[in-house]
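Trainee: I have the sequence and the model open. Please walk me through how the pieces pack and pair.

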Amino acid sequence: MWSGPVRTAVWRAKVLNRTRPVPAARSGSHRSSCRTWIRPSGFDTGLKVFNSLTKQKEPLILAREGVATWYSCGPTVYDHAHLGHACSYVRFDVLQRILSRMFGVTVIHAMVITDIDDKIIRRGLEEDMSPTMVARLYEDEFKRDMLSLKVTPPAVYLRVTENVRHIIAFIEGITRNGHAYATNHGNVYFDIQSIGDRYGWFTGAVESQAEPGGSGKRDSRDFALWKQSKPEEPYWESPWGRGRPGWHIECSTIASCVFGSQLDIHSGGIDLAFPHHENEVAQSEAYHQCGQWAQYFLHSGHLHLKGSTEKMSKSLKNYVTIKDFLQSHSANEFRMFCLLSKYRSAIDYSDSSLAEARTSLGTISTFIHAAQAYMRGELQCAPVQEAALWDSLAQTKAFVLKAFADDFDTPRAVSALMNMVYHGNRQLQPVATCDAAARSPAVFGAMIRYLTDILDVFGLDLLHSQADVLSGGGSLQGVVEQLTHFRSQVRALALSRLKDQTTTDRDLLLKACDTLRRDLAPLGVVIKDRGATSTWEITEGPRGQSVQDKDQDKSS
C-alpha cells in the first residue's frame with residue numbers, strides 16, 4: 001500500500017483525470033454530473049432502493065453479508081422537535097425494521113447529535129443559559145419524543161462536542177491531502193477546485209447558492225471546516241486558533257470514526273441533500289482518498305401543512321411539536337399516517353389524512369377482535385370459506401414481501417393487508433342462529449398472527465398499546481366489565497324471556513341496550529353483539545386512548 005505524499009499524489013491524479021470526458025457508464029454503473037457511481041460488490045439483499053446518488057432504483061448490495069452500516073443526520077438541539085422531524089425519523093425507523101425483520105439484515109445505526117451551532121448559541125443568549133444546557137435540555141426531550149413515537153434508538157448517539165478532537169484530526173487529514181486551506185482569520189475551508197468534477201452528485205448542486213463565508217475564500221462554493229470563534233462563543237483550541245467545527249465536517253468525521261472509509265447507507269431529509277450531504281461526500285472522499293464513500297443515500301420527503309407548499313420547519317414557525325401532537329393523537333396514528341405514503345414522497349398533514357390513518361387502524365383492530373371472538377366460539381356466523389382465506393393469506397404474504405423489496409413500498413403493503421382484512425371481515429358477519437356446522441378457527445389464528453407480526457415490523461401494537469393505562473386503572477376495567485355484563489343480561493332477557501310479552505316492552509329494553517352502546521362509543525368503549533354473546537373493547541380514538549380488548553361472556 002502507498003502512504004503519505006505518494007498515495008496523495010496518486011489519488012489527486014485520478015481525481016484530475018476525471019475532468020476528461022468519461023465514456024458511457026458500463027453495466028452496474030451510473031453517471032451523475034461528471035462522475036460515475038459504481039455498483040458495490042458484496043451481499044445482495046434482494047431489495048431495490050431509490051439511491052439519490054443515481055436518482056433511480058438500485059439493488060441494495062452490502063459490504064458484509066447480513067450487516068448494514070447506516071448513518072443518519074440527527075437533530076440540531078436548540079428547540080422542540082416537530083412533526084417534520086418525526087416524519088423523517090419514523091419513516092427511516094420503518095425502513096430499518098423492514099430490512100432487519102423481513103430480510104434478516106442487522107442494521108448498525110449511528111446518529112449524530114449536533115450540540116454546538118449558531119442557533120444553539122443564540123438560544124442560550126435568549127434564555128440566559130449556556131449552550132451546553134440548551135443542548136442537553138432539547139437533546140433529552142428529542143430522545144423522549146422518539147421513544148414516545150416508538151422509534152428504535154440507534155446503536156449509538158454521538159455528540160459533536162465530545163468528538164471535536166477527532167474533527168480537528170479529520171480536518172488536518174483533508175488539509176494534508178491538499179483539499180483544504182486555512183485563512184489568516186483562523187478559518188479553514190474545503191477547496192472545491194481541488195477535487196475537479198467530483199462535486200455535484202445531487203440535483204442543483206452546481207447551480208445552488210454558495211455557502212456564505214468570510215474573506216479569504218478561494219471559491220464561492222468553498223465551505224467551512226473550522227470557524228474562528230467570536231467573542232463569548234464556545235471554542236476549542238486547534239492548530240488554527242480558537243474556534244469550533246463547521247456544520248458538515250461533524251457528520252463525515254463521526255461516521256468515519258464508527259464505520260471507517262466506507263458506509264453502506266446514509267439517510268436524511270431531502271432538504272439535507274445539498275449542501276450538507278454533497279459536502280459530506282466531498283470531504284469524506286478527500287480524507288479517505290477513496291472513489292466512493294457512501295454507497296447509497298436515502299432521502300425522505302418533506303411534511304407540509306395541507307394547502308402549503310412550504311415544508312414544516314422551525315424557521316418558518318409553521319410547525320406542530322411532537323409533544324403537542326401526542327396530547328391529542330397517538331403514536332400508532334402518526335406511524336400509520338407515515339406508512340400510507342412512500343418514504344421519499346412529500347406528505348400533507350391534515351385532519352383528513354390523520355382520520356384516514358385512524359380508520360385504517362380501527363378496521364384492522366375490529367377484524368382482530370372479531371376473529372378472536374370467533375376462535376373462542378363467541379361469534380356465530382355462517383360456515384367460513386376456509387380455503388379462500390388460506391389463499392388470501394398466502395397471496396398477502398407474497399405481495400407484502402414484494403412491496404417491501406421494491407424500495408420499501410409501505411402504501412402497497414398496507415393496501416394488501418387491508419384487502420386481506422376485508423376478505424376476513426366478510427366471513428365474520430354475525431347471525432342470530434347457526435346450525436352446528438364445522439368451524440374454521442385455525443385460519444383466523446394464522447391471519448391474526450401474520451397481521452400482528454407485520455404490525456410489529458411497522459412499530460404498531462394495536463392489542464397492547466399503552467396497556468398500562470388500563471392495567472393501572474382496574475376500576476375502569478371493572479366498571480366496563482360490569483356494565484357490559486348487565487347490558488348483556490338485559491338484552492338476553494329481551495330476546496328470550498319476553499317473547500310472550502308485548503312487543504312494546506321487548507322493544508323498549510332492546511332500545512335501551514342500543515342507546516347505551518351508542519352513548520359509550522364516543523367515549524372509546526365499543527360494545528359488539530355477537531349473536532348470543534357480547535364483547536367490548538376500548539378503541540384508539542382521536543385523543544389517543546389505548547387499545548385493550550376484553551371479551552365479556554354473557555350470562556343469560
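**Helices, sheets and a salt bridge**

Mentor: The structure holds 28 salt bridges. Each is a side-chain nitrogen of Lys or Arg within 4 Å of a carboxyl oxygen of Asp or Glu. This is a predicted model: local features need pLDDT of at least 70, side-chain atom pairs count only at pLDDT 80 or more, and totals for chains, interfaces and linings use all residues. Residues are numbered from 1 along each chain as its sequence is written, and side-chain values use heavy atoms, with hydrogens and water left out.

Trainee: Which residue meets Asp115 in a salt bridge?

Mentor: Asp115 lies in the loop between β6 (106-113) and α3 (118-127), and its partner lies in helix α4 (residues 131-148), so the pair ties together parts that are 21 residues apart in sequence. Helices (H or I, at least four residues) and strands (E, at least two) are DSSP runs, numbered from the N terminus. The N to O distance is 3.3 Å, and the partner is Arg136.

Trainee: Which strands stand at the edges of the five-strand sheet?

Mentor: That open sheet has the order β7-β6-β5-β12-β13, with parallel pairing. Two strands pair if DSSP finds at least two bridges between them. An edge strand pairs on one side only, and here the edges are β7 (156-159) and β13 (294-300).

Trainee: Which residue is the bridge partner of Met111 in β7?

Mentor: Strands β6 and β7 pair in the parallel sense over four bridges. In β7, Met111 has as its partner Tyr157.

Trainee: What angle does helix α2 make with β13?

Mentor: Helix α2 (residues 83-103) packs on this sheet, touching β5 (67-72), β6, β12 (263-269) and β13. Contact means heavy atoms within 4.5 Å. Axes are lines fitted to C-alpha atoms, for helices over the stretch in contact, and angles run from 0 to 180 degrees between N-to-C directions. The direction of α2 makes with that of β13 an angle of about 130 degrees.

Trainee: Why is one side of β8 and of β11 left without a neighbour in the sheet?

Mentor: Four strands form an open antiparallel sheet in the order β8-β9-β10-β11. Strands β8 (180-182) and β11 (243-245) stand at its edges, so each has a single partner strand.

Trainee: Which residue in β11 stands opposite Lys227?

Mentor: Strand β10 (residues 224-228) pairs with β11 in the antiparallel sense over three bridges. Opposite Lys227 stands Arg244.

Trainee: Are α11 and α12 roughly parallel or roughly antiparallel?

Mentor: The axes of helix α11 (residues 386-405) and helix α12 (residues 410-426) come within 8 Å and cross at roughly 170 degrees. Angles under 35 degrees count as roughly parallel, over 145 as roughly antiparallel, 65 to 115 as roughly perpendicular and the rest as oblique. Therefore α11 and α12 are roughly antiparallel.

Trainee: How many nonpolar residues does the contact of α11 with α12 have?

Mentor: Among the residues that meet are Leu389 and Phe399 in α11, and Leu417 and Met420 in α12. Ala, Val, Leu, Ile, Met, Phe, Trp, Tyr, Cys and Pro count as nonpolar, Asp, Glu, Lys and Arg as charged, and the others, Gly among them, as polar. The contact has four polar and two charged residues, and its nonpolar residues number ten.

Trainee: At what angle do α5 and α7 pack?

Mentor: Helix α5 (residues 164-176) and helix α7 (residues 273-288) have their axes 8 Å apart, and they pack at about 75 degrees. That makes α5, relative to α7, roughly perpendicular. The contact has five nonpolar, four polar and no charged residues. The angle, again, is about 75 degrees.
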